[in-house]
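User: I'm new to protein structures and would like to learn how to read one. Could you go through some features with me, one at a time?

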Amino acid sequence: MNPEYKQALIEHKADLKNALLRVAGNEDIYERLLQKFLLDQNFSNLKTCLTTQNYENAFPYAHTLKGLAGNLGLTPIYESVDPIVELLRNNTTEGISELFLSLEQTYNDFYNLIRSYT
């Protein structure tokens, strides 16, 4: 993983230190996992469910995205999706649209960053 990429992730508040611990410090594996993140459909499926107010089906996508972001050290995504997970878990949707807009911006920032280095 090139130093500029690592620095860009850190500047975006990714928890690179702990994410690398999860892959035994292997930066090549971590970089491949970030590339696979670009192919993951949980965000787009969550967006579709929320747009169509299909909240019951939205929960697994939000929960999986939270876990994925946590494992990859993409802390801002994790922190943005966590309140959505909790609302859906508690069968409430008050404020979910605003939370999703924040998540979408954060997600797109990371998506574009990762894409620019692959």
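User: Which residues is L9 in contact with, leaving aside its neighbours within four places in sequence?

Analyst: Contact means heavy atoms within 4.5 Å. By that rule, L9 touches M1, A14, L16, Y30, L34, F110 and L113, once neighbours within four places in sequence are set aside. A word on the source: this is a predicted model, where local features need pLDDT of at least 70 and side-chain atom pairs count only at pLDDT 80 or more, while totals for chains, interfaces and linings use all residues. Residues are numbered from 1 along each chain as its sequence is written, and side-chain values use heavy atoms, with hydrogens and water left out.

User: What is the nonpolar core, and which residues touch the most other members?

Analyst: In soluble globular proteins, nonpolar side chains tend to be buried together. A nonpolar core is a set of buried Ala, Val, Leu, Ile, Met, Phe, Trp, Tyr and Cys residues joined through side-chain atoms within 4.5 Å. Buried means under 20% relative accessible area, exposed over 50%, and partly exposed in between (1.4 Å probe, protein chains only). Here the largest core has 36 residues, and L9, Y30, L34, L74, I77 and L103 touch the most other members. Two or more residues come from each of α1 (3-11), α2 (16-22), α3 (27-37), α4 (42-51), α5 (55-71), α6 (75-89) and α7 (96-116). The most come from α7, which gives 7 residues. These helices (H or I, at least four residues) are DSSP runs, numbered from the N terminus; strands would be E runs of at least two.

User: Which residues of α4 are buried, and where do they lie on the helix?

Analyst: The buried ones are N42, F43, L46, C49 and L50. Looking down the axis of α4, you find them within an arc of 125°, so they line one face of the helix. That arc is taken from the directions from the helix axis to the C-beta atoms. The buried residues of α4 pack against α5, α6 and α7.

User: How many salt bridges does the structure hold?

Analyst: Side chains of opposite charge can pair when their charged atoms come close. A salt bridge is a side-chain nitrogen of Lys or Arg within 4 Å of a carboxyl oxygen of Asp or Glu. The structure holds 4 of them. In one, E27 meets K6 at 2.8 Å, N to O. E27 sits in helix α3 and K6 in helix α1, 21 residues apart, linking distant parts of the chain. E27 is partly exposed at 23% relative accessibility, and K6 is partly exposed at 24%.

User: Which parts does the pair of K47 and E104 tie together?

Analyst: Their side chains meet at 2.6 Å, N to O. K47 is in helix α4 and E104 in helix α7, so this pair ties together parts that are 57 residues apart in sequence. K47 is partly exposed at 35%, whereas E104 is buried at 17%. E86 and R89 form a salt bridge too, with their closest N and O atoms 2.5 Å apart. Both lie in helix α6, 3 residues apart, about one turn of the helix.

User: Where is K13 placed, and is K13 buried or exposed?

Analyst: K13 belongs to the loop between α1 and α2 and is exposed, at 61% relative accessibility. Its phi is positive, about 75°, although K13 is not a glycine. A24 has a positive phi of about 55° and is not a glycine either. You'll find A24 in the loop between α2 and α3, where A24 is exposed at 75%.
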